[in-house]
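I opened this model to see how its parts hold together. These are my notes, in the order I looked things up.

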Amino acid sequence: QVQLVESGGGLVQPGGSLRLSCAASGMIFSLYNMEWYRQAPGKQRELVATITSGSKFINYADSVKGRFTISRDNAKNTVYLQMNSLTPEDTAVYYCHRSLGDYWGQGTQVTVVS
């Protein structure tokens, strides 16, 4: 069965950086577009970034453009989210998602606080 396991979240000060990872199993990872979402307390889940199967096309939410970078390593079945210049507004649970079949990871908490 498809499994997505996120890691790399934590507590960071404003202006800091974190790198999230999502390890996929039970699927031919290189065939699928992948996404990162986030959900802040009391807010709807929002799409943060998408990357196509071969990394040719990448898109970001306006709120993270220029600060976050999505990438993937198909040999390692892993998608990453490099997050720089973090602000308290980035505090959320971050989820890895495969839209085809609607598979979600369990999420990893990112908290930005001074």
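Predicted model: local features only at pLDDT ≥ 70, side-chain atom pairs only at ≥ 80, totals over all residues.

**Contacts of Met-83.** I began with Met-83 and set aside residues up to four places away in sequence.

**The core.** Next I asked which residues have the most contacts inside the largest nonpolar core. They are Trp-36, Val-79, Leu-81, Met-83 and Tyr-94, in a core of 29 residues. I then looked up the strands behind it. At least two core residues come from each of β3 (18-25), β4 (34-39), β5 (46-51), β7 (68-73), β8 (78-83), β9 and β11. β3 gives the largest share, with four residues.

**Strand β11.** I turned to β11, residues 108-112. Its covered face holds Thr-108, Val-110 and Val-112. Gln-109 and Thr-111 make up the uncovered face. How does β11 pair with β2 (residues 10-12), parallel or antiparallel? The two run parallel, with three bridges. Gly-10 has Val-110 as its bridge partner. With β9 (residues 92-98), β11 runs antiparallel, again over three bridges. There, Tyr-94 stands opposite Thr-108.

**Salt bridges.** I found four salt bridges in the structure. I wrote down three of them.

- Glu-46 and Arg-38 meet at 2.6 Å, N to O. Arg-38 counts as buried because its relative accessible area is 5%, under the 20% limit. Glu-46 is partly exposed at 31%.
- Asp-62 and Lys-65 have their closest N and O atoms 3.2 Å apart. Asp-62 is exposed, with 65% relative accessible area. Lys-65 is partly exposed at 49%.
- Arg-67 and Asp-90 meet at 2.7 Å, N to O. Arg-67 sits in the loop between β6 (58-60) and β7, and Asp-90 in the loop between β8 and β9, so their bridge ties together parts 23 residues apart in sequence. Both Arg-67 and Asp-90 are buried.

I also checked for links among these pairs. Arg-38, Glu-46, Arg-67 and Asp-90 belong to a network of salt bridges.

**Aromatic rings.** How many aromatic pairs does the structure hold? I count two. Tyr-37 and Trp-104 are edge-to-face, with 4.9 Å between centres and 65° between planes. Tyr-37 lies in β4 and Trp-104 in β10 (residues 103-104), so this pair ties together parts 67 residues apart in sequence. Tyr-37 is buried at 18%, whereas Trp-104 is partly exposed at 31%. Tyr-95 and Trp-104 are also edge-to-face, with 6.2 Å between centres and 90° between planes. Tyr-95 is buried, at 13% relative accessibility.

**Charges over rings.** Last, I looked at arginines over ring faces. Arg-45 lies over the face of Trp-104, 4.5 Å from the ring centre. Arg-72 lies over the face of Phe-29, at 4.3 Å from the ring centre.

How values were computed:
Residues numbered from 1 in each chain as written. Heavy atoms only, no water. Buried < 20%, exposed > 50% of the residue type's maximum accessible area, 1.4 Å probe, protein only. Pairing = 2+ DSSP bridges. Core = buried A, V, L, I, M, F, W, Y, C linked by side-chain atoms within 4.5 Å. Contact = heavy atoms within 4.5 Å. Salt bridge = Lys/Arg side-chain N within 4 Å of Asp/Glu carboxyl O. Phe/Tyr/Trp six-rings, centres within 6.5 Å; stacked < 30°, edge-to-face > 60°. Lys NZ or Arg CZ within 6 Å of the ring centre and 35° of its normal.
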